[in-house]
Amino acid sequence: MPEPRWDRLLLNASLASFEVGAKDPLLERGAIGVQHGRIAWVGRLDDLPAAPNELAATVESVDGALITPGLIDCHTHLVFGGDRAAEFEQRLNGTSYEEIARAGGGIAATVSATRDASEEQLYTQSVPRAQALQADGVTTLEIKSGYGLELETERRLLRVARRLGREQGLTVRTSFLGLHALPPEYRDRRDAYVALVCDAMLPELAAEGLVDAVDAFCENIGFSREETRRLFERARQLGLPVKLHAEQLSDLDGASLVAEYGGLSADHLEHLGESGVKAMAAAGTVAVLLPGAYHVLRETRAPPIALLRQHGVPIAVATDCNPGTSPMLSLRLAASMACTLFGLTPLEALRGVTVHAARALGLSDRGTLTPGQRADLVVWNVRQPAELCYWVGGGLARTIYVAGEPVSRRKASRRLPNAS
């Protein structure tokens with residue numbers, strides 16, 4: 001008997017590729033072959049080129065279950081110290097997010113707790129969050145810094161993010177978010193802090209291989225367009241892509257700014273105007289919706305979904321997992337909320353946590369079930385894609401594959417090949 005051409009073959013599946021432009025989003029009675037961590041073949045069971053046992057070393061039937069690409073969480077602040085449950089209660093009693101921030105809470109409170117934590121403590125606290133996302137189908141996620149606001153703590157955050165990728169069987173992309181908030185020691189030296197971020201922190205961390213992209217919080221309680229532009233110019237000099245927290249609380253036209261630099265994404269976007277939408281469409285910048293923050297902050301102004309659709313802007317969805325405004329540990333829940341709160345269709349929401357989320361991270365090798373893509377796959381205990389948004393909570397993921405190998409959720413620290 002000849003050597004099998006594939007490592008693994010999954011049979012009798014409902015395959016949801018989420019490929020943009022595909023005529024049929026669901027292929028029933030399908031099969032998918034995996035070789036060397038990549039998808040080698042996708043098609044109907046009846047069209048297999050030979051008998052299953054001749055094709056693959058390992059053959060499994062999933063009995064009609066749904067298979068999708070691994071989910072991609074393209075915006076998180078997953079590594080941090082402490083929590084901000086008390087602020088949750090304050091907001092319920094009528095205190096606004098801006099009032100809390102201006103009183104020294106918000107991001108500044110997490111900065112203090114994070115600076116006080118050792119690298120090992122930060123890793124230990126972050127592992128359960130990463131595992132919760134992974135158990136719900138996430139195989140790739142972005143993790144931002146921004147809770148250190150000084151070089152050594154920012155370095156610790158980014159090193160922990162890299163370690164989570166290595167040891168938890170995940171692909172982790174890092175974003176340097178030095179312009180997240182003004183640290184207390186620079187309260188009266190704003191220009192000096194911006195200079196520190198642009199001219200010292202970013203170049204040093206990038207030289208250490210800790211930075212995949214550069215982000216900023218462009219907002220009235222954050223940083224101005226001019227300060228953000230200075231950071232983006234430095235990122236461009238270093239050859240790093242940019243993204244932006246934009247138009248969350250007001251319209252500073254940050255979306256147009258990040259689009260000007262060919263940015264990967266503009267995120268939040270509740271106050272996004274048509275000029276920003278057009279700029280994003282022209283640049284190919286992804287709109288990342290964060291319904292968790294919208295929900296927790298009890299916002300009433302939703303992102304302009306109709307305008308984004310009209311101009312063909314790709315729409316992604318993410319958890320924004322963070323201690324203050326979106327303590328969310330389920331990307332499926334974020335997709336569901338994007339449907340109920342923002343009016344996305346389930347197909348739009350699911351493309352938002354797969355193919356468009358990959359694009360928001362600058363990744364072209366994942367997010368669809370097509371030959372040549374990474375074999376990051378999820379077998380679900382459902383049969384229709386819409387069920388992933390329909391069910392609120394609960395563990396629907398049956399088996400998760402990273403680079404073609406099943407992840408053991410009981411041994412979450414197991415190292416997997418090609419997982420970083």
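Which residue in β7 is the bridge partner of Leu71? The answer is Val138, and this pair is a handy place to start looking around. Keep in mind as you explore that this is a predicted model. Below, we visit a group of paired strands, then a helix, a pocket and a serine in a loop.

**The strands around β7**

- Strand β7 covers residues 138–144, and seven of its seven residues are buried, so the strand is largely enclosed by the rest of the structure.
- One of the partners of β7 is strand β6, made of residues 71–73, and the two run in the parallel sense with three bridges between them.
- Strand β8, residues 171–179, also pairs with β7 in the parallel sense, this time over five bridges.

**Helix α6**

- Helix α6 spans residues 151–168, which makes 18 residues.
- From its first C-alpha to its last, α6 reaches 26 Å, close to the 26 Å expected at 1.5 Å a residue.
- Of the 18 residues of α6, 13 are buried, so this helix is largely enclosed by the rest of the structure.
- At the start of α6, look for Glu150: one of its side-chain oxygens comes to within 3.2 Å of the backbone nitrogen of Glu152.
- Just after α6 comes Gly169, which has a positive phi of about 70 degrees.

**The largest pocket**

- The largest pocket in the model has a volume of about 460 Å³.
- It is lined by 21 residues, and the closest to its centre are Ala101, Arg102, Ala181, Leu182 and Ile221.
- The biggest contribution to the lining comes from α3, with three residues.

- Ser250 sits in the loop between β10 (243–246) and α9 (254–260).
- Is Ser250 buried or exposed? Its relative accessibility is 14%, and buried means under 20%, so Ser250 counts as buried.
- The side chain of Ser250 makes a polar contact of 2.3 Å with the side chain of Glu219.
- A polar contact of 3.1 Å also links the side chain of Ser250 to that of Asn220.

Notes: Residues numbered from 1 in each chain as written. Predicted model: local features only at pLDDT ≥ 70, side-chain atom pairs only at ≥ 80, totals over all residues. Heavy atoms only, no water. 1 Å grid on protein atoms, 1.4 Å probe; cavity = no way out; pocket = protein on both sides within 12 Å on 5 of 7 lines; lining within 4 Å. Points joined across faces, edges and corners; volume = space filled by probe spheres on them. Helix = DSSP H or I, 4+ residues; strand = E, 2+ residues; numbered from the N terminus. Expected span 1.5 Å × (residues − 1). Buried < 20%, exposed > 50% of the residue type's maximum accessible area, 1.4 Å probe, protein only. Polar contact = N/O pair within 3.5 Å; in protein donor to acceptor, adjacent residues only side chain to side chain. Pairing = 2+ DSSP bridges.
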